[in-house]
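Let's take a walk through this fold together, helix by helix.

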Amino acid sequence: MASNDTPAVSAGLISAWHDQLRAHRPIAWGLLVALLAVLWLLLASGIEAFSPSNRVYLGYAALGGMAGFGATALGALLAVGLRAIGVRTRDCMLGFAAGMMLAASSFSLILPGLEAAEVLLGSGVGAALAVVAGLALGVLLMLGLDYFTPHAHETSGPHGPADQRISGVWLFVLAIILHNLPEGMAIGVSFAQGDMSVGLPLTTAIAIQDIPEGLAVAMALRAIGLSPAVSILVAIGSGLMEPLGALVGVGIASGLPIAYPISLGLAAGAMIFVVSHEVIPETHRNGHQTAATVGLMAGFAVMMFLDTALG
């Protein structure tokens with residue numbers, strides 16, 4: 001892209017964003033509420049997260065995020081010797097990842113959030129409301145980002161204010177970033193209180209499902225025209241969102257006591273949204289619903305076992 005085209009691209013994007021905001025004002029307001037809530041949690045909790053007493057939790061979160069990055073890189077590297085993978089196999093792999101994310105949201109985020117909130121508030125109803133508030137914030141955040149961030153999926157095409165001047169490769173990369181952000185946040189939140197029974201199973205599950213995800217991303221990038229080497233490098237780079245997201249997650253959950261259960265709910269809501277809105281539909285577009293569902297159930301069972309064994 002020539003440098004003198006940059007102003008035209010920027011103007012096109014600004015115009016597209018403006019049109020999108022006007023067309024979807026309720027979602028725009030929801031995104032604003034979610035962003036302000038995350039900012040407030042960061043300001044209220046972020047300083048505490050970097051205090052000497054909490055630096056060990058920050059280290060756990062960083063290591064957990066790097067585990068997700070490393071697993072994504074491993075999956076991408078597996079594409080070195082492969083020319084292609086079958087669509088049915090890919091759908092089954094993504095279904096497995098979806099099952100692990102759903103189970104992780106339930107067992108490693110929502111249930112610990114309810115327990116922590118009930119101890120703090122002394123009320124089951126109050127605990128449920130706190131976690132539900134977090135779930136709502138996570139959904140509003142991801143819904144708004146989905147509507148107002150240009151991105152594209154391999155089978156369903158462009159979404160959001162996708163200006164035609166943006167390369168399809170970059171649209172696909174933005175979709176990967178949107179997918180990996182909530183996983184990283186979930187890892188960070190899970191370690192915010194230093195509870196290994198929460199953080200270890202969740203991080204293990206996310207790392208396991210990142211391996212087939214990294215492979216699927218690398219193969220999808222090759223399918224849209226990138227060379228094998230560049231596809232693998234971009235897929236590896238996409239995993240960097242996990243350590244970055246982990247730092248955000250531990251930042252929003254480490255200070256105020258009520259921030260921890262709310263943040264667990266937020267991470268769960270964001271992950272469930274991604275699974276329902278993106279991953280499951282992608283696995284069901286090609287007529288392989290049964291294989292994808294079997295993969296999802298297998299992933300759910302593996303995560304349930306890990307949570308029981310490591311939690």
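First, a term for later: a crossing is left-handed if the near helix is turned anticlockwise from the far one by less than a right angle, and right-handed if clockwise. What you're looking at is a predicted model, where local features need pLDDT of at least 70, side-chain atom pairs count only at pLDDT 80 or more, and totals for chains, interfaces and linings use all residues. Residues are numbered from 1 along each chain as its sequence is written, and side-chain values use heavy atoms, with hydrogens and water left out.

Now the overall layout. The protein has 11 helices and 2 strands, taken as DSSP runs numbered from the N terminus (helices are H or I, at least four residues; strands are E, at least two). Read from the N terminus, the order is α-α-α-α-α-β-β-α-α-α-α-α-α. Of the 311 residues, 51% are buried, meaning under 20% relative accessible area with a 1.4 Å probe and protein chains only; exposed is over 50%, and partly exposed is in between. Among contacts (heavy atoms within 4.5 Å) with a separation of 6 or more, 82% link residues 24 or more positions apart.

Let's start the packing tour with helix α4 (residues 87-121) and helix α10 (residues 259-283), whose axes lie 9 Å apart at an angle of about 160 degrees. Axes here are lines fitted to C-alpha atoms, for helices over the stretch in contact, and angles run from 0 to 180 degrees between N-to-C directions. The crossing of α4 over α10 is left-handed. Their contact brings together 21 nonpolar, 5 polar and 3 charged residues. In this scheme Ala, Val, Leu, Ile, Met, Phe, Trp, Tyr, Cys and Pro are nonpolar, Asp, Glu, Lys and Arg are charged, and the others, Gly among them, are polar.

Next, find helix α7 (residues 196-223) and helix α11 (residues 289-310): their axes come within 9 Å and cross at roughly 150 degrees, so α7 and α11 are roughly antiparallel too. This time the crossing is right-handed. Residues making the contact include Leu200 and Ile208 of α7, plus Met303 and Leu306 of α11. By class, the α7–α11 contact has 8 nonpolar, 2 polar and 1 charged residues.

Finally, stay on α11 and pick out Ala301. Is Ala301 buried or partly exposed? At 39% relative accessibility, Ala301 counts as partly exposed. Its C-alpha sits 7.9 Å from that of Gly99, although 202 residues separate Ala301 and Gly99 in sequence.

Methods:
Angles under 35 degrees count as roughly parallel, over 145 as roughly antiparallel, 65 to 115 as roughly perpendicular and the rest as oblique.
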